[in-house]
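Work through the exercises below with the sequence and the 3D structure open. Try each task before reading its solution.

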Amino acid sequence: MPRKVKEAKPRSNAPAMEIKKVEIRELQTSDYMGLRDSMLVAYKNWHGSVWELEQIKKLLTIFPEGQMVVLVNDKVAGVALSIIVNYDEFGHDHTYKQITGYYTFNTHHSDGDVLYGLEVFVHPDYRGLRLARRLYDARKELCERLNLKSIIFGGRIPGFASAGNQMNPKQYIEKVKMKEAYDPVLSFQLSNEFHVIKLLSNYMPEDKESKEFATLMEWNNVLYTLKNKFTPHQKSSARVGLVQWQMRSFKTFEMLCEQIEFFIDTVAGYKADFVLFPELFNAPLMAEFNHLSQPEAIRKLAEYTEPLRDKFINYAITYNVNIITGSMPYIRKGQLYNIGYLCRRDGSIERYTKIHVTPNEVAAWGIVGGNKLKVYDTDAGKIGILVCYDVEFPELPRLLALQGMDILFVPFLTDTQNSFTRVRCCSAARAIENECFVCIAGGIGNLPKVHNMDIQYAQSAVFTPCDFAFPTNGVKAEATPNSEAVLIADLELDLLKKMRSHGSVHNLLDRRTDLFELKQLKPNGRFQMLVEHAEKNYVFNILNPNILK
């Protein structure tokens with residue numbers, strides 16, 4: 001069989017000098033003249049390619065550990081420069097100027113996910129000592145130590161110019177990958193566990209040797225683990241799925257769970273970060289207890305809450321989506337609450353409680369309000385959750401906004417257009433005044449065999465602030481009224497940050513705190529007030545007040 005011919009590689013040009021010391025350390029300002037001299041020789045065919053002192057100082061200020069120098073006998077022999085970026089902000093189609101912020105390096109973010117290589121060069125007199133490999137290995141160690149997902153950079157292909165018109169850049173890259181051709185940069189990068197993501201055009205217009213082309217290269221950190229899911233603003237956008245739930249008869253608990261799983265599966269198929277269910281979406285299960293009084297029936301329904309919670313926890317993990325479970329009745333120490341769960345996709349869970357209960361909830365069921373108000377950290381931003389009537393009290397969303405909330409989720413249940421309009425209008429107002437997104441999801445349809453749940457009206461929607469970066473009417477998306485549906489929307493969290501400091505108005509910053517203040521107090525005795533009213537028959541004309549005790 002024919003022999004495989006090895007590609008012709010340049011002979012080693014390792015210097016004949018005596019090597020006494022090789023050191024890799026963080027670059028210092030005092031190294032600049034050595035850096036400059038080495039770079040001029042390394043890029044002798046590329047005019048104007050020297051880093052300015054001020055640029056090096058900026059890099060050393062924002063990310064000193066990312067700037068490395070290799071010294072041979074205490075002389076600068078090579079340099080590697082890098083920054084950390086939120087790579088999703090740029091994607092695979094970018095130029096060198098864009099990724100560096102036009103050499104301002106304001107694209108560096110210490111909480112980013114990718115180590116982006118800006119520069120690697122070695123003085124020609126020291127080539128053959130594997131110094132570039134040492135710099136690459138040091139970068140890999142830094143990437144692992146900082147738990148970054150990968151190293152990415154645009155690599156030159158200086159050998160492409162000598163290929164003439166014999167092949168296009170794609171063919172040239174393939175020949176180098178198959179070792180049918182040798183490129184002094186690309187061949188080295190491939191041998192160091194980097195792979196080509198794609199070909200970039202006009203990446204560095206000054207690079208005539210590469211004919212302005214570059215290879216987007218990546219090294220994956222196999223030790224990378226997802227960062228703390230509770231780090232705020234880890235994502236620049238969040239995708240939400242709102243379930244506009246049709247009230248229908250379910251003969252068994254399992255049938256209800258099938259419908260729940262169907263919606264979660266559907267939303268997860270769109271790679272959503274959140275799925276929101278409506279308030280009291282499991283009310284159809286009360287049909288089994290319709291022969292009981294209304295207070296007794298909803299307390300029987302509360303027996304399904306913890307089994308449903310366990311189902312939701314499993315669904316969140318299985319389908320990789322954060323679930324806001326709407327709300328369900330829950331009995332704690334003899335008191336009936338309207339509660340729900342935030343089931344994160346990492347398996348952790350939080351419980352929230354409706355704070356303001358409507359007169360009907362008090363009169364028909366004896367529900368009492370909770371007293372905890374909290375912002376929840378997730379892997380897709382800081383969120384708040386308020387159940388239906390709560391959103392009609394502007395103090396609650398404002399308190400959450402002051403804690404850094406990005407998205408407010410409002411599961412609701414309204415019977416008439418009048419009550420729905422209150423929820424809708426208040427939710428839209430909360431988005432404007434708190435500079436956040438507000439997502440509302442409700443139930444629709446009729447339940448003829450469940451007392452106090454006869455009719456439902458809803459139009460699920462996503463509301464935004466009203467500024468140039470957002471829809472003119474403040475409505476990001478909305479479902480068809482009174483039709484079962486799933487509403488999917490992308491929420492650009494970065495736009496909120498920009499608007500809060502550079503928007504037309506600043507509802508949070510411009511508050512006159514010299515004239516008024518808002519603060520969260522301890523529970524205000526609402527429960528005791530309800531008990532007193534029940535005993536005097538002021539509120540409950542069909543309910544035994546002892547049920548509340």
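Predicted model: local features only at pLDDT ≥ 70, side-chain atom pairs only at ≥ 80, totals over all residues.

**Exercise 1.** Find the order of the seven strands in the open sheet and say which strands stand at the edges.

*Solution.* 
Step 1. The order of the seven strands is 1-2-3-4-5-7-6, and their pairing is mixed.
Step 2. Strand 1 (22–26) and strand 6 (195–201) each have a single partner strand, so one side of each has no neighbour in the sheet. These two strands are therefore the edges.
Step 3. On average, neighbouring strands are turned by 25 degrees against each other, direction ignored.

**Exercise 2.** How many bridges join strand 3 to strand 4, and do the strands run parallel or antiparallel?

*Solution.* 
Step 1. Strand 3 (residues 75–85) and strand 4 (residues 114–122) are joined by eight bridges.
Step 2. The two strands run antiparallel.
Step 3. Opposite Val122 in strand 4 stands Gly78.

**Exercise 3.** Is Gln67 buried or exposed?

*Solution.* 
Step 1. Locate Gln67 in the loop between helix 2 (53–62) and strand 2 (68–72).
Step 2. Its relative accessible area is 0%. Buried means under 20%, so Gln67 is buried.
Step 3. The side chain of Gln67 reaches the backbone oxygen of Phe63 at 2.9 Å.

Definitions and conventions
Residues numbered from 1 in each chain as written. Heavy atoms only, no water. Helix = DSSP H or I, 4+ residues; strand = E, 2+ residues; numbered from the N terminus. Buried < 20%, exposed > 50% of the residue type's maximum accessible area, 1.4 Å probe, protein only. Polar contact = N/O pair within 3.5 Å; in protein donor to acceptor, adjacent residues only side chain to side chain. Pairing = 2+ DSSP bridges. Axes fitted to C-alpha atoms, helices over the stretch in contact; angles between N-to-C directions.
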